[in-house]
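User: I am new to this structure and would like to go through it step by step. Please take my questions in turn and show how each answer is reached.

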Amino acid sequence: LHNPELAHLLSVLNRQWSLSDAEAQQLLDEAKQETDVQVSLHEHLQVLRQRLDIGDRETLVRNLWEIAWSDGEVHHWEEHLVRRLAELLGVSHRVFVQGRHQAAGKPPE
């Protein structure tokens, strides 16, 4: 993630998931440490599928699109990642596409 994307990620964590600045930063720090150790996302996605209802998982995919667009462009690998995460979270292709279009229409923060 680039700086605009990181800033937007923290903003989404604050706004959408009601985390304080400190909690959002701690979560981001822990995620960075985790990526140094673990390659697979399947374990984390399984937890999300169990704990989030479909509405929250759809919101998560929309949030991922917002973050991907926050620097004004979406790279092909970002689209691939959001697509794969949506599939693994059980989010429909329709919601995936709608989220992309909605996020594309928002100005970067």
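User: Is Val-95 buried or exposed?

Analyst: This is a predicted model, and the values here are computed from it. Val-95 is found in helix H6. Its relative accessibility is 1%, and the cut-off for a buried residue is under 20%. Val-95 therefore counts as buried.

User: Leaving aside neighbours within four places in sequence, which residues is Val-95 in contact with?

Analyst: Asn-14 is 81 residues apart from Val-95 along the chain, and their C-alpha atoms are separated by 23 Å. A contact requires heavy atoms within 4.5 Å. With neighbours within four places in sequence left aside, the contacts of Val-95 are Glu-58 and Arg-62.

User: How many residues does helix H4 have, and what distance does H4 reach from its first C-alpha to its last?

Analyst: H4 covers residues 54-69, which makes 16 residues. At 1.5 Å a residue, the expected reach is 22 Å, and the value in the model is close to that. From first C-alpha to last, H4 reaches 23 Å.

User: Which residue caps the N-terminal end of H4?

Analyst: The cap involves the backbone nitrogen of Gly-55. A side-chain oxygen lies 3.1 Å from that nitrogen, and the oxygen belongs to Asp-53.

User: What covers the buried residues of H4?

Analyst: The buried residues of H4 include Arg-57, Glu-58, Val-61, Trp-65 and Trp-69. Several helices are part of their cover. Among them are H1 (3-15), H3 (42-51), H5 (76-88) and H6 (93-104).

User: Which members of the largest nonpolar core touch the most other members?

Analyst: This core has 16 residues. H4, H5 and H6 each supply at least two of its residues, and the largest share, five residues, comes from H4. The members that touch the most others are Val-61, Trp-65, Leu-89 and Val-91.

User: Which residues is Val-91 in contact with, leaving aside its neighbours within four places in sequence?

Analyst: Val-91 belongs to the largest nonpolar core. Some of its contacts, including Arg-57, Glu-58 and Val-61, are buried residues of H4. With neighbours within four places left aside, the list is Ile-54, Arg-57, Glu-58, Val-61, Ala-86 and Phe-96.

User: At what angle do the axes of H5 and H6 cross?

Analyst: Two packed helices are described by the angle between their axes and the distance between the axes. In H5, Glu-79, Val-82, Arg-83 and Ala-86 meet His-93, Phe-96 and Arg-100 in H6. The crossing is right-handed. The axes of H5 and H6 come within 10 Å and cross at roughly 145 degrees.

User: Which residues does the second, separate core include?

Analyst: The second core has seven residues. Leu-13, one of them, lies in helix H1 and is buried at a relative accessible area of 11%. The core includes Leu-6, Leu-9, Val-12 and Leu-13.

User: Not counting residues up to four places away in sequence, which residues does Leu-28 touch?

Analyst: Leu-28 lies in helix H2 and is buried, with a relative accessible area of 8%. The C-alpha atoms of Leu-28 and Leu-13 are separated by 9.6 Å. Beyond the residues up to four places away, Leu-28 touches Leu-6, Leu-9 and Leu-10.

User: What is the phi of Ser-18?

Analyst: Ser-18 is found in the loop between H1 and H2 (21-37). Ser-18 is exposed, with a relative accessible area of 62%, although Leu-13 is in contact with it. Ser-18 is not a glycine, yet its phi is positive, at about 55 degrees.

User: Which backbone oxygen lies 2.7 Å from a polar atom of the side chain of Ser-70?

Analyst: Ser-70 is found in the loop between H4 and H5, and it is buried at a relative accessible area of 4%. Its side chain reaches the backbone oxygen of Pro-4 at 3.4 Å. The backbone oxygen at 2.7 Å is that of Ile-67.

User: Where does Gln-46 lie, and what does Gln-46 count as at its relative accessibility?

Analyst: Gln-46 lies in helix H3. The C-alpha atoms of Gln-46 and Phe-96 are separated by 19 Å. The relative accessibility of Gln-46 is 49%, while exposed means over 50% and buried means under 20%. Gln-46 therefore counts as partly exposed.

Definitions and conventions
Residues numbered from 1 in each chain as written. Predicted model: local features only at pLDDT ≥ 70, side-chain atom pairs only at ≥ 80, totals over all residues. Heavy atoms only, no water. Helix = DSSP H or I, 4+ residues; strand = E, 2+ residues; numbered from the N terminus. Expected span 1.5 Å × (residues − 1). Buried < 20%, exposed > 50% of the residue type's maximum accessible area, 1.4 Å probe, protein only. Polar contact = N/O pair within 3.5 Å; in protein donor to acceptor, adjacent residues only side chain to side chain. Core = buried A, V, L, I, M, F, W, Y, C linked by side-chain atoms within 4.5 Å. Axes fitted to C-alpha atoms, helices over the stretch in contact; angles between N-to-C directions. Left-handed = near helix turned anticlockwise from the far one by under 90°.
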